[in-house]
Amino acid sequence: MLAVQNVTMRYGSRILFEEVTTTFTPGRRYGLTGPNGAGKSTFMKILSGELEPTSGLIQRPRKMGILSQDQFAFDQYRVIDTVIMGNKGLWAALQERDAIYEKPEMTDEDGMRLGELEGVVADEDGYTAESDAAVLLDGLDIPEDLHERQMSELQGGQKVRVLLAQALFGNPESLLLDEPTNHLDLESIHWLENFLSRYNGSVIVISHDRHFLNGVCTHIADIDYQTIIQYTGGYDDMVMQKTQVRSRIESENAQREKKIAQLTEFIQRFAAGTRSSQVNSRRKEVERLQPGDLARSNIQRPFIKFEQKRPSGRHALEFEGVSKAYEVDGAPLKVLENLTANVSRGEKIAIIGRNGAGKSTLIKALLANAPNVTEADRSIDAGSVKWGHEANVGYFAQDFRESIDPGYTLADWLRQFDPEALVEEIRGVLGQMLFRGEEGMKKTEVLSGGEGCRLMFSKLMLQKPNILVLDEPTNHLDLEAVIALNTALQNYEGTVFLVTHDEDLIDEVATRIWSFSERGFEDFQGTYGEFQAKHA
């Protein structure tokens, strides 16, 4: 059983949550929601024991699976060993057993201890540990030839998937997963959804992927109003219930205030007269009818709206015979080969496929000669790329930090993209993205991941491009910002190229799909739902 009782967490005068008591029941899957800064990761660390609360008690099960956020902590270990380390008791027993076997001579005590350790290994399924770990790694698209490699040899996205396998290993009684879908492709996300749906313990997951939360979660634990409230169902169910509760309280308060106004008028008219008993009765009624407290929500919703200074030509982009290769271990690896397509103004293209299939490579190849794009690492080996008449491209790079130069205030960094913009216009754009007041004077080098994303959207809103190229724009956004981006892209009248693993974003925005798969590159003219139906 995983539960908290009267847990409070304060940082100085700031209260994240206060006197929280809640239980996470086995067999249920909880989405932990709330805006950036609400305390989701802090609460997760309290549950795991990594952080002590200001006050309160935590009850934990014997075995917990925790998704590590430190990608470099296991660099000196083999991939397969890193996964097995998810079962700490088993790993400790294996290490001690191997150390005893390596001794030149064993004592009687060593022999007795070996018997105990072999019992632990058997109880924890240690004799099938490597094959069990391999199954998890295969499901998360870590090929067998990497299982014996050192973690230091893996790419960042691969490391995240190994750490996810580590959290899932050993049948823990509770799983704590902080942003498990980051750096996962759609197939890996679907595998994880299926795994968690069959899992018997309690799951607590933080995610900005609305489709994932709706598909996986049986309950939502929402951090708001300085407490944690549980709702039944997925994320959309929680939003509906939360809205209904707040609307009901607001309606009740309005009725109470109307009645209080009528009673107050009576008291004022007859306070000095002979109807004192009736006046006193109505005064007591006024005290009883005082509106219930309506706590202020800590949710902040950005407002994203993409506009065009002027539309592009009817043909937004044409490319023919585009090829691109990289050198891997001294040999060329062909990522793109002889790709050809035409894109009309107003099309919204989602680019999907496994990690490493070539999605970002295609984006960078198409941007090789794009107008108004200055980021590095944009080139093709062969073929031609032609942007249409009056094309004005706005680019959101997957590693957006390379786009944001240090040493600027936010306002000054934005001004270089429209030198004629008034101070009020720049402040307005920053305010829409929740940089209010003096936050516009914050330095670019101190931005968090979420703040950097919001600054990039501020830039795109100020630029007013007629073509948007977005490579993984949701990685550091909270759910409110992802939903705002979804709405903005649906309403945008320009052309969109979108790389994302957010299934709702693909389903609700895309009018055309470019897919990388074992079948090769596929240019599908239609929505994501139609694409899925074709390949069902």
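1. Two strands pair if DSSP finds at least two bridges between them. Strands are DSSP runs of E of at least two residues, and helices are runs of H or I of at least four; both are numbered from the N terminus. This is a predicted model: local features need pLDDT of at least 70, side-chain atom pairs count only at pLDDT 80 or more, and totals for chains, interfaces and linings use all residues. Residues are numbered from 1 along each chain as its sequence is written, and side-chain values use heavy atoms, without hydrogens or water.

2. Six strands build it, in the order 5-6-7-3-8-9, with mixed pairing. Direction ignored, neighbouring strands are turned by 20° against each other on average.

3. Strand 5 pairs with strand 6 (residues 174-178) in the parallel sense, over three bridges. Here Gly 65 stands opposite Leu 175 of strand 6.

4. Next, a helix pair. Helix 13 (residues 423-432) packs on helix 14 (residues 449-463) at about 135°, with axes 9 Å apart. Axes are lines fitted to C-alpha atoms, for helices over the stretch in contact, and angles run from 0 to 180 degrees between N-to-C directions. The two helices are therefore oblique to each other (under 35 degrees is roughly parallel, over 145 roughly antiparallel, 65 to 115 roughly perpendicular, the rest oblique).

5. Which residues of helix 13 and helix 14 make the contact (heavy atoms within 4.5 Å)? Helix 13 supplies Glu 425, Ile 426, Val 429, Leu 430 and Gln 432; helix 14 supplies Leu 455, Ser 458, Met 461 and Leu 462.

Technical notes:
Contact = heavy atoms within 4.5 Å.
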